[in-house]
Amino acid sequence: MKIAVSAMGGSLEAQVSEKFGRAPYFIIVDTDTMKFTPVMNNASSMSGGAGPEAVRQVSSHGVSAVLTGQLGPNAQNALAAAKITAVTGISGTKTVRQAAEEYAKK
């Protein structure tokens, strides 16, 4: 299964970003193999509409879920429209690897 984790850096060892739309990176992770692709978030510096633009970016990678700390209402609506599961409440003290492995066990 492919998931996207909002991240502060471009690796599995990066800390989770607690803000989805403003995260510097998204790490696209295949939870079966733990292979990953870092994606710079082009929406992070937008003055408005960052959440929906971030959803467009991750949905283009065919993810079924997004793991993050928090989502704004526009991002939530865009994820629901794209039929992508939103998992919030992930602490910024966790690494992308930890968040992905915990999600894969559920």
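Student: Hi! How many aromatic pairs does a search of the whole structure find?
Tutor: Hello! This is a predicted model, and the search of the whole structure finds 1 aromatic pair. The partners are Phe20 and Phe26, with ring centres 5.1 Å apart and planes at 40°, so the pair is tilted.

Student: Why both a distance and an angle?
Tutor: A pair of aromatic rings is described by the distance of the centres and the angle of the planes.

Student: Okay. Is Phe20 buried or exposed?
Tutor: Phe20 counts as buried because its relative accessibility is 1%, and buried means under 20%.

Student: And Phe26, buried or exposed?
Tutor: Phe26 is buried too, at 0% relative accessibility.

Student: Switching to helices. At what angle do α1 and α2 pack?
Tutor: Helix α1, residues 50-59, packs against helix α2, residues 73-81, at an angle of about 30°. Their axes are 7 Å apart. That angle makes α1 roughly parallel to α2, because angles under 35 degrees count that way.

Student: Is the crossing left-handed or right-handed?
Tutor: The crossing in which α1 passes α2 is right-handed.

Student: Which residues meet there?
Tutor: From α1 you have Gly51, Pro52 and Val55, and from α2 they meet Asn74, Ala75, Ala78 and Leu79. Sorted by class, this contact has 5 nonpolar residues, 2 polar ones and no charged ones.

Student: Now the strands. Where is Ala7?
Tutor: Ala7 sits in strand β1, which covers residues 2-7. With a relative accessibility of 0%, Ala7 counts as buried.

Student: Which residues does Ala7 touch?
Tutor: Leaving out residues up to four places away in sequence, Ala7 touches Ala14, Gln15, Val16, Ser17, Ala23, Pro24, Tyr25, Ile27 and Val96.

Student: How many residues apart in sequence are Ala7 and Thr95?
Tutor: Ala7 and Thr95 are 88 residues apart in sequence, and their C-alpha atoms are 8.3 Å apart in space.

Student: Tell me about Thr95, then. Where is Thr95 found?
Tutor: Thr95 is in the loop between β5 and α3, the helix at 96-105. Thr95 is buried, with a relative accessible area of 13%. Not counting residues up to four places away in sequence, Thr95 touches Leu12, Glu13, Ala14, Gln15 and Val16.

Student: What separates Thr95 and His61?
Tutor: The C-alpha atoms of Thr95 and His61 are separated by 21 Å, and the two residues are 34 residues apart along the chain.

Student: What else is in the loop between β5 and α3?
Tutor: One example is Ile90, which is found in that loop. Ile90 counts as buried at 14% relative accessibility. Setting aside residues up to four places away in sequence, Ile90 touches Val16, Glu18, Leu67, Thr68, Gly69 and Ala99.

Student: How many residues apart are Ile90 and Glu18 in sequence?
Tutor: Ile90 and Glu18 are 72 residues apart in sequence, and their C-alpha atoms are 6.9 Å apart in space.

Student: Where does Met34 sit?
Tutor: Met34 is in the loop between β2 and β3, and at 17% relative accessibility Met34 counts as buried.

Student: What about Lys83, what is its phi near?
Tutor: The phi of Lys83 is near 60°, a positive value in a residue other than glycine. Lys83 lies in the loop between α2 and β5, with β5 at 85-87. Lys83 is exposed, with a relative accessible area of 73%, because exposed means over 50%.

Student: Last one: where is Thr31 found?
Tutor: Thr31 is in the loop between β2, at 25-30, and β3, at 36-40. Thr31 is buried, with a relative accessible area of 11%.

Student: Which residues is Thr31 in contact with?
Tutor: Aside from neighbours within four places in sequence, Thr31 is in contact with Met1, Ile3, Ala100 and Ala104. As for Val63, Thr31 and Val63 are 32 residues apart in sequence and 11 Å apart in space, C-alpha to C-alpha.

Student: Thanks, that helps!

How values were computed: Residues numbered from 1 in each chain as written. Predicted model: local features only at pLDDT ≥ 70, side-chain atom pairs only at ≥ 80, totals over all residues. Heavy atoms only, no water. Phe/Tyr/Trp six-rings, centres within 6.5 Å; stacked < 30°, edge-to-face > 60°. Buried < 20%, exposed > 50% of the residue type's maximum accessible area, 1.4 Å probe, protein only. Axes fitted to C-alpha atoms, helices over the stretch in contact; angles between N-to-C directions. Helix = DSSP H or I, 4+ residues; strand = E, 2+ residues; numbered from the N terminus. Parallel < 35°, antiparallel > 145°, perpendicular 65-115°, else oblique. Left-handed = near helix turned anticlockwise from the far one by under 90°. Contact = heavy atoms within 4.5 Å. Nonpolar A, V, L, I, M, F, W, Y, C, P; charged D, E, K, R; others polar.
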